[in-house]
Amino acid sequence: MSRIEYLARRAALAVFVLLGVLLLTFIVSRVIPGDPARLYLGSRARAEAIQQVREEFGLNDPLPQQFLRYVGSTLSGDLGYSFRTKRPIVEDLRTRLPATMELVLVSTVLAVTIGVPLGVLSASQAGKAFDQFSRIITIAGVSIPSFWLALLLQLLFFMTLDWLPLGGRLSRDILLTDPFTQVTGFFLIDAALAGNWEAWRDALWHIIMPAAVLATYPISLSVRMTRASMLEVLSETYITAARASGLSEIEILFKLALKNAIVPTLTVLGLVFAFSITGAVLVEIIFSWPGMGSYMLNAILSDDVYVLFAVTLIVTIVYIIVNLLVDFVQAALDPRIRMGGGSEA
Amino acid sequence: MSPASAQPLLAIDDLHISFPTPRGELRAVRGISFQVEPGEIFGIVGESGCGKTVTGRSILGLVPQPGRISGGRIMFQGSDLTAMSQAELRHLRGNRIAMIFQDPSAALNPLFTIGQQLLGIMKRHDPGKRAGHLDAAVSLLADLGLPQPESLLDSYPHQLSGGMQQRAMIAMALAAEPDLIVADEPTTALDVTIQAQILDLLVALKEKRGVTIVFITHDLGVVAETCDHVAVFYLGQIVEQGTAREIFKAPRHPYTQGLLAALPSPDAGQDALKVIPGSVGDMVGDGVGCAFAPRCEFRMPHCDRQTPTLMPLGGQQQAACFLYDEIGEGT
Ligand SMILES: Nc1ncnc2c1ncn2[C@@H]1O[C@H](COP(=O)(O)OP(=O)(O)O)[C@@H](O)[C@H]1O
Ligand code: SF4
Ligand SMILES: [Mg+2]
């Protein structure tokens, strides 16, 4: 019944979801048309070469044995080879994943720090000018196509004003003359760790536009979600009771009501976060951002199935972790949380 | 101070509260006046929907949206609450005037411990001295008959029984030692045995701490055991008021008589329970004539054409009914 137990249960559930996804990708890999060995060697390969590769990759072993090996190697961090880049997928992910993560994290931080307070204000001003204005803006924000916004920003901030770079994660001259060691793969963190502030500024300048475009949807969404759940909470008797006890409106809004209202927003932001790992593909392409979205798109275009499996797995893991985090925050906020409080993993 | 010269703690004068509705103004409170003396329990009694909560909330400047005070004054310790800014009201709320709600499980925030909520109010009205607050909170909870107050401070509302929740709520109302507490049906949501305990507690607060209480209830029976003065509400108006003793001994208004007759008495069985026939009328419209007329067995022709006002009936008793017209003018 305790919160610890509840969280342990959620974590155990997450392990099963992960195994399920592994089983699914494994099954898909065995039923899709096209022999993996042939895919690996290309369409002109000779039969004995294919046999040799099948032997080498263990493709002739019984399926359960193959599955166990697949799980084992995946868990040990071996995600196989990319047919397209001819490199271990893990190697590719080492730069791709942090690139996307950095982008998505920055946009999520923007959504929380900008969207949530605006949602609170909107609810407290319900029906008044600020609220009407914010509702119009956020409807635009959730419905504007990201590629269009991206092009618009590039036109304004690169072409016209020349304030911000067109794309990429760093300027070429920084890469050549002033590189820094990559520890986390997050340039903003690595440059700061190296004390290379010029590179840090350059990385920041590069991330502003893509992060702003990527953040537009989650910011607008969190304004709307926060507003809706705040309105519900503000009509509760305990808020009237707080007013009756003389607490200030700021305290009531941000210290009390927000704690009661924040969880739906966090849940949705968590989903958007996980979705953006691959869903940022248009933004990544327009801003030449070397992340997961463009990696996955190339894999799709070139039938690079193991990359797709790996990406699926990564996205699943991110979903699981994000959901666990949200559960954790919820359990930390709400003392009434019980086992079986939710069934989605 | 002598009772004669004492200024009333609260004097409500011709209060009107209305809500805009698609059908027109809903006049929830229509010209109410009463006075509450320091150190008494003043009962407001009436059926559901007659404007008790709205009146009680107006004393804290918290009329529910979209309602507003459309006329009259609420004088508290000599100053008019209806003329105060929100900032001024916030200084009074919790500090000089506090409120207890009907359903404690809804009025306590589920995500904060009793201690966080209680100490928050203490800190708000008396910043500084943290440790002092903690001691004060513990002894307050103990005073209110709550066992193990230290561990209670770390409990969340859902871990307490209804009776304990309401005691905790009362502790929060008392946290800043207010002069006036508005208790809106504080026992309605509780079991009968717990009800009696909470009522005893309120009476003890009055007697030991000298707290003044405006006690709102739909149950006339509860009023008899608790209140000093009573105002009987009907459709946003006071139809009868006086001391609790006067009203119970000799109710004059047909509505009050009906309410009293409807109370289950110890020697009558359940089937002897009388209920006033008819249902409460409409609050939209200007309401010429006696509001109770549609349900009144003594209804006279002019009851529909003129609106009765409160008439003095001797002692402190007053009733708004044409049956007592001559008494009011003559003897
Ligand atoms: N928030 C509100 N919006 C519209 N009308 C309301 C609101 N609150 C109360 N009223 C109206 O005011 C009248 C009195 O309500 P209330 O004071 O809650 O009655 P009581 O507490 O005596 O049961 C009712 O007729 C109700 O319809
Ligand atoms: S004024 Fe007339 S209708 Fe109203 S209560 Fe008195 S007798 Fe009844
Ligand atoms: Mg009420």
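A residue is buried when its relative accessible area is under 20%, exposed when it is over 50%, and partly exposed in between (1.4 Å probe, protein chains only). At 32% relative accessibility, A:Leu118 therefore counts as partly exposed. The model is predicted: local features need pLDDT of at least 70, side-chain atom pairs count only at pLDDT 80 or more, and totals for chains, interfaces and linings use all residues. Residues are numbered from 1 along each chain as its sequence is written, chains are lettered from A and ligands numbered from 1 in the order in which they are written, and side-chain values use heavy atoms, with hydrogens and water left out.

A:Leu118 belongs to helix α5 (residues 89-124) of chain A. Helices (H or I, at least four residues) and strands (E, at least two) are DSSP runs, numbered from the N terminus. Beyond its neighbours within four places in sequence, A:Leu118 is in contact (heavy atoms within 4.5 Å) with A:Phe130 and A:Val223. A:Phe26 is 92 residues apart from A:Leu118 along the chain, and their C-alpha atoms are separated by 45 Å.

A:Thr74 sits in helix α4 (residues 63-75) of chain A. A:Thr74 is buried, because its relative accessible area is 11%. Setting aside neighbours within four places in sequence, A:Thr74 is in contact with A:Leu22, A:Leu79 and A:Leu313.

Chain B holds 12 helices and 12 strands. Chain B has 331 residues, and 51% of them count as buried. Among contacts in chain B with a separation of 6 or more, 65% join residues 24 or more positions apart. B:Ser151 lies in helix α6 (residues 149-153) of chain B. B:Ser151 has a relative accessible area of 42%, so it is partly exposed. The C-alpha atoms of B:Ser151 and B:Ile114 are separated by 9.8 Å, with the two residues 37 residues apart along the chain.

In soluble globular proteins, nonpolar side chains tend to be buried together. A nonpolar core is a set of buried Ala, Val, Leu, Ile, Met, Phe, Trp, Tyr and Cys residues joined through side-chain atoms within 4.5 Å. The largest nonpolar core has 95 residues, of which B:Leu10, B:Phe34, B:Leu118, B:Ile170 and B:Phe215 touch the most other members. Helix α7 (residues 162-174) of chain B gives the most to this core, seven residues. Not counting residues up to four places away in sequence, B:Leu10 touches several residues, including B:Phe34, B:Ile59, B:Ile74, B:Leu180 and B:Val214. A second, separate core has 54 residues, among them A:Phe67, A:Leu164, A:Ala280 and A:Val318.

The two chains also meet. The contact takes 21 residues from chain A and 23 residues from chain B. Together the chains bury about 1,900 Å², 67% of it on carbon and sulfur atoms. This buried area is the accessible area (1.4 Å probe) that two parts lose on being put together, summed over both. On the side of chain A that touches chain B, α11 (237-244) and α12 (249-279) of chain A each supply at least two residues. The largest share of this side, six residues, comes from α11(A).
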